[in-house]
2 protein chains.
Amino acid sequence: MNEVELIARLVPSLPSNGSVVVAAGDDCAVLDLGAPDYILFKTDAIVEGIHFTAETPPEKIGRKALARCLSDIAAMAGKPNSALVTIAVPLEFEPARIGAIYAGLNALASEHSVAIVGGETTTNPERVLISIALIGTVEKDKCVRRSGAKAGDAIFVTGKLGGSIHARHLDFEPRLEEARWLRAQYNIHAMIDLSDGLASDLRHILAASDVGAELMASAIPISREAKVAARAESSTKPPLLAALTDGEDFELLFTVSGRDAVPLLDGWKKKFPKLPLACIGKITAEPGLRLRDKNGMKSLTVHGYTHFEKS
Amino acid sequence: MNEVELIARLVPSLPSNGSVVVAAGDDCAVLDLGAPDYILFKTDAIVEGIHFTAETPPEKIGRKALARCLSDIAAMAGKPNSALVTIAVPLEFEPARIGAIYAGLNALASEHSVAIVGGETTTNPERVLISIALIGTVEKDKCVRRSGAKAGDAIFVTGKLGGSIHARHLDFEPRLEEARWLRAQYNIHAMIDLSDGLASDLRHILAASDVGAELMASAIPISREAKVAARAESSTKPPLLAALTDGEDFELLFTVSGRDAVPLLDGWKKKFPKLPLACIGKITAEPGLRLRDKNGMKSLTVHGYTHFEKS
């Protein structure tokens with residue numbers, strides 16, 4: 001049983017109540033607590049040796065911990081509001097380094113008007129672990145879920161994908177402004193942020209929406225880092241595979257009606273001229289994920305990173 | 001620099017925004033997000049080897065993780081609403097044990113109508129760590145903070161204190177119903193839940209309220225476990241010291257105007273006949289914490305457990 005299977009078994013038995021609009025299984029939980037807007041609720045943890053190393057500058061650790069959660073708020077077209085910070089460190093960990101973790105985190109929080117309203121430091125003897133809990137808001141008619149993709153939708157992705165581990169995973173910009181603009185301008189049917197890899201995260205949209213997809217290999221935007229890595233080491237993934245399966249891109253993946261695709265691309269180029277946006281394929285009624293390249297169409301069996309199991 | 005000093009240095013530089021009513025430094029953060037009620041926001045983490053052991057039944061680990069957060073919601077007279085669960089476990093950890101952690105947590109959540117709306121499992125190679133993020137609500141005119149204690153207030157505590165480590169720390173009942181009733185019936189000036197020990201947690205109220213206190217040694221309710229432990233091992237703390245300094249009692253400590261003390265005690269005995277409530281002293285304008293026993297008054301220098309430093 002891997003993590004995905006475990007979650008699939010646990011989720012149906014989780015207690016609920018009348019204020020829950022979206023429970024486990026989307027980028028954020030969505031609650032109706034009587035305010036004009038929905039409340040978005042999200043946690044995310046990063047662990048030394050997995051998401052960063054003992055050599056990572058502490059400011060970048062703090063920044064990354066918060067940025068990951070902000071990216072999930074973006075994926076629902078929300079606005080982040082307030083965060084709590086849990087830092088678990090070895091007993092001998094320098095308090096000044098905790099201060100530096102906060103400094104990186106506070107700087108990013110301030111950029112996005114996020115209040116840091118508390119948290120705790122506790123002990124984890126062998127390694128640093130940081131968990132962020134984040135509250136956001138979203139207008140009730142603007143909340144974008146994973147489950148709204150429809151056959152015929154165009155599939156878009158921001159940025160360039162793959163090789164994030166070589167640099168970007170510590171410095172990525174959560175696409176909050178872009179997601180808010182997209183949802184204000186267009187009827188975005190489904191959206192997710194890329195944390196586990198394009199192939200894996202697109203499958204989350206397909207499963208939630210009960211549809212399939214065809215991707216065009218030539219349209220998938222590949223990062224410079226993924227290309228350089230492929231040249232430098234013969235053992236590494238080919239660049240296209242890296243773009244499909246590498247984790248931690250933290251770009252937006254979304255679908256809109258096919259007729260919105262061209263106006264959306266035009267509008268985007270005017271609004272965000274520096275950030276690439278690519279139409280990479282289409283949603284199909286036929287289930288499954290397929291990739292079209294110069295040799296024709298093939299079923300895409302490769303997954304992004306799955307916890308608890310080597311893929 | 002210990003944890004308390006570190007937090008004192010970090011807190012003033014934390015970013016804020018217009019929705020923050022209470023930031024770091026109380027039992028929960030309090031947000032005004034446009035709903036009729038305030039939003040309460042809290043996280044708490046428990047770590048194997050510190051808050052439980054490898055032998056603790058996983059159901060009790062899950063229960064304790066949530067119960068600690070519920071106790072913080074109680075301390076502000078709030079109602080818990082929704083929780084996210086982060087479970088970090090070694091790679092070889094049995095998925096069935098994760099299911100058992102959730103089972104204990106879900107059972108307690110259901111008792112209090114708390115929705116479990118997601119979370120994640122991640123890897124912490126050496127030990128289990130569970131972090132809970134909790135959202136609650138409280139009527140704007142009923143939210144009780146640490147900062148409202150006034151000279152002349154009577155100080156009350158629920159339950160019996162000390163020796164929680166011998167059993168109760170895994171099975172305590174968060175005092176949600178009691179706190180809601182207290183605040184509905186009386187003008188509770190200040191409240192906190194006992195997590196670090198009576199002496200330490202009372203000092204949090206005194207510091208936040210800029211007052212002092214006198215405790216009566218003979219009035220402090222001492223648990224049976226603390227008395228048994230003191231008899232069994234010559235090296236252990238005397239029972240009164242255990243009641244003053246042992247952590248994890250998770251009882252309510254609160255203050256009310258002196259003139260409310262007797263009616264409150266009477267009302268309590270009718271409403272909660274099985275749960276002891278004791279008036280243990282009074283709030284003073286003179287700063288500091290003092291203890292009156294048969295030998296007279298002495299300044300109380302002993303602290304509860306402080307992280308990062310032996311006390």
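Leu31(A) stands opposite Ile39(A), a residue of strand E3 of chain A. This pair belongs to a predicted model, as do all the features described below. The two strands concerned, E2(A) and E3(A), run antiparallel and are joined by three bridges. Together they form a hairpin in which five residues lie between the strands, and within the turn Gly34(A) has a positive phi of about 90 degrees. E3(A) is also paired with E6(A), again in an antiparallel sense, and here eleven bridges join the two strands. In this second pairing Val47(A) stands opposite Leu129(A), which is part of E6(A). The setting of E3(A) is an enclosed one: eleven of its eleven residues are buried, so the strand is largely surrounded by the rest of the structure.

Strands E2(A), E3(A) and E6(A) are also among the elements of chain A that give two or more residues to the side touching chain B. In the contact between the chains, 58 residues of chain A meet 58 residues of chain B. Besides the strands already named, the contributing elements of chain A include helix H1 (3-10), strand E4 (79-89), helix H3 (95-111) and strand E5 (115-123). The greatest contribution to this side comes from E5(A), with nine residues. When the residues on this side of chain A are sorted by class, 31 are nonpolar, 22 are polar and five are charged. Of the interface residues of chain A, 100% are also interface residues in chain B, so the copies meet through the same surface.

Chain A itself is divided into two domains, with domain 1 covering residues 3-139 and domain 2 covering residues 154-299. The C-alpha centres of these two domains of chain A lie 24 Å apart. The contact between them takes 14 residues from domain 1 of chain A and 15 residues from domain 2 of chain A. On the side of domain 1 of chain A that touches domain 2 of chain A, the largest share, nine residues, comes from helix H2 (residues 58-75) of chain A. By class, this side of domain 1 of chain A has seven nonpolar, three polar and four charged residues.

Further details concern individual positions. Ala207(A) is found in helix H5 of chain A, which spans residues 198-209, and this alanine counts as partly exposed because 14 C-beta neighbours lie inside 10 Å. Most residues other than glycine have a negative phi. Against this background, Asp210(A) has a positive phi of about 60 degrees although it is not a glycine, and Phe250(B) likewise has a positive phi, of about 55 degrees, without being a glycine. Asp210(A) is placed in the loop between H5 and strand E9 (212-216) of chain A, whereas Phe250(B) is placed in the loop between helix H7 (239-245) and strand E10 (252-256) of chain B. Asp210(A) is exposed, with 11 other C-beta atoms within 10 Å, while Phe250(B), with 25 C-beta neighbours inside 10 Å, counts as buried.

Terms used:
Residues numbered from 1 in each chain as written. Chains lettered and ligands numbered in written order. Predicted model: local features only at pLDDT ≥ 70, side-chain atom pairs only at ≥ 80, totals over all residues. Helix = DSSP H or I, 4+ residues; strand = E, 2+ residues; numbered from the N terminus. Buried ≥ 20, exposed ≤ 12 C-beta atoms within 10 Å, placed from the backbone. Contact = placed C-beta atoms within 7 Å. Nonpolar A, V, L, I, M, F, W, Y, C, P; charged D, E, K, R; others polar. Domains from an automatic or database assignment. Pairing = 2+ DSSP bridges.
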